[in-house]
Amino acid sequence: MPRPSQVHVSKALENISVAYMPQGLIAPDVSPSVPVVHESDTYFVYSKDNLRLLSTIWADGDVSNRSAWNLSTSTYTLNRHGLHDLVTDRMRDNADKAIKPDVDMTEALTGQIKLRMEVDLFTLINTANAWANNTSLSSTQVWSANTTLSNPIQFVDSATVSIRRRSGMIANTVVLNDGGFKAAKEHTSVVDRIKYTSAESVSPDLLASLFDVDKVLVSRAVQNTADEGIADVLADVATDTAFVAYIERSPGLKKPSAFYTFTKDGGTRPYKVRTYRDDPREGDVIEVSSMYQIRVISSDCGYPIYNLQ
């Protein structure tokens, strides 16, 4: 009787494969897209004169008091991001059914640019002088200490008060990395708030209600920091920071926000895919590109809390 190995020739499965793509990206939610036509331009910034209390009493026989407001400008400059690779004719002809070289290449290149955007966002969050206010927790205040001195709700409350007093806007978003989220949800001060009212575990939505914001966004993206050909080293993209902010969900005129992402072609075509023939190498080059700049729009609308753990 023949052995099992003699009656079957191994071939690639057509219904399963393994690929690692960027997951848990939150940059588009933290920095909404603003479509632009030109690669650089200016935009108007109104002063805070509208928040100044003026004398409005109008005496008989006199003219009303004059109110003035002022404008300044700021600028954006898009950076062009792009990656490409080659799909040869032989690769395409020889590929098993589970492998779609053109599709797989396009997805991989797009994912790498999306990962770059996530890194750009957290680089700005961690630039302390980009923000009007920030704080760095001491060893007794870190959320993982799990003491009354390290109550996450109090630190977020303090940040939301600072944002309101500096901008008049009500903070609506808290950004955390996975470690910061876990430290917050397991903190005694958080657990004590819900233990008699909810049987559910602490989710981002539940934590948002305790923080009195619309959203808690948790970045769970990782990046491979090792050079190609070296053993993989995966690390969180988001750092040990809680970022409290007012984020405008619908960008427009006279709307401040901690971040906007100026994007060529905006939300309609944020990523362009170009394919062209490379006859000498007998293949097609697939190129994915995007032009954008993540910009701090109002330094008063963001408040980083560094060193959570």
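**Close-up 1. Helices α4 and α7 on the sheet of the predicted model.**

**Close-up 2. The open five-stranded sheet.**
The strand order is β5-β14-β10-β6-β7, with mixed pairing. At the edges are β5 (135-136) and β7 (215-219), each of which pairs on one side only. Within the sheet, β10 (residues 241-245) and β14 (residues 302-306) are antiparallel and share five bridges. In this pair, A242 is opposite I305 of β14.

Leaving aside residues up to four places away in sequence, A245 touches I163, A171, N172, T173, A258, C301 and G302. One of these contacts, A171, is 74 residues from A245 in sequence, yet the two C-alpha atoms are 5.1 Å apart.

**Close-up 3. Helix α5 and what covers it.**
Helix α5 spans residues 178-185, and six of its eight residues are buried, so the rest of the structure largely encloses it. The buried residues are D178, G179, G180, F181, A183 and A184. Their cover includes the helices α4, α6 (188-194) and α7 and the strands β6 and β7.

**Close-up 4. Strand β1 and its parallel partner β11.**
Strand β1 covers residues 33-36 and has two faces: V34 and V36 lie on the covered one, S33 and P35 on the uncovered one. Four bridges join β1 to β11 (residues 259-264) in the parallel sense. S33, from the uncovered face of β1, has T261 of β11 as its bridge partner.

**Close-up 5. A nonpolar patch on the surface.**
The patch consists of F44, Y46, W69 and L71, whose accessible area together is about 490 Å². L71 belongs to strand β3, residues 71-77. With a relative accessibility of 43%, L71 counts as partly exposed, because that class lies between under 20% for buried and over 50% for exposed.

Terms used
Residues numbered from 1 in each chain as written. Predicted model: local features only at pLDDT ≥ 70, side-chain atom pairs only at ≥ 80, totals over all residues. Heavy atoms only, no water. Pairing = 2+ DSSP bridges. Contact = heavy atoms within 4.5 Å. Axes fitted to C-alpha atoms, helices over the stretch in contact; angles between N-to-C directions. Buried < 20%, exposed > 50% of the residue type's maximum accessible area, 1.4 Å probe, protein only. Patch = residues over 30% accessible without salt bridge, like charges linked within 9 Å, V, L, I, M, F, W, Y side chains within 5 Å. Areas by Shrake-Rupley, 256 points an atom, 1.4 Å probe, with all protein chains shown as cover. Salt bridge = Lys/Arg side-chain N within 4 Å of Asp/Glu carboxyl O.
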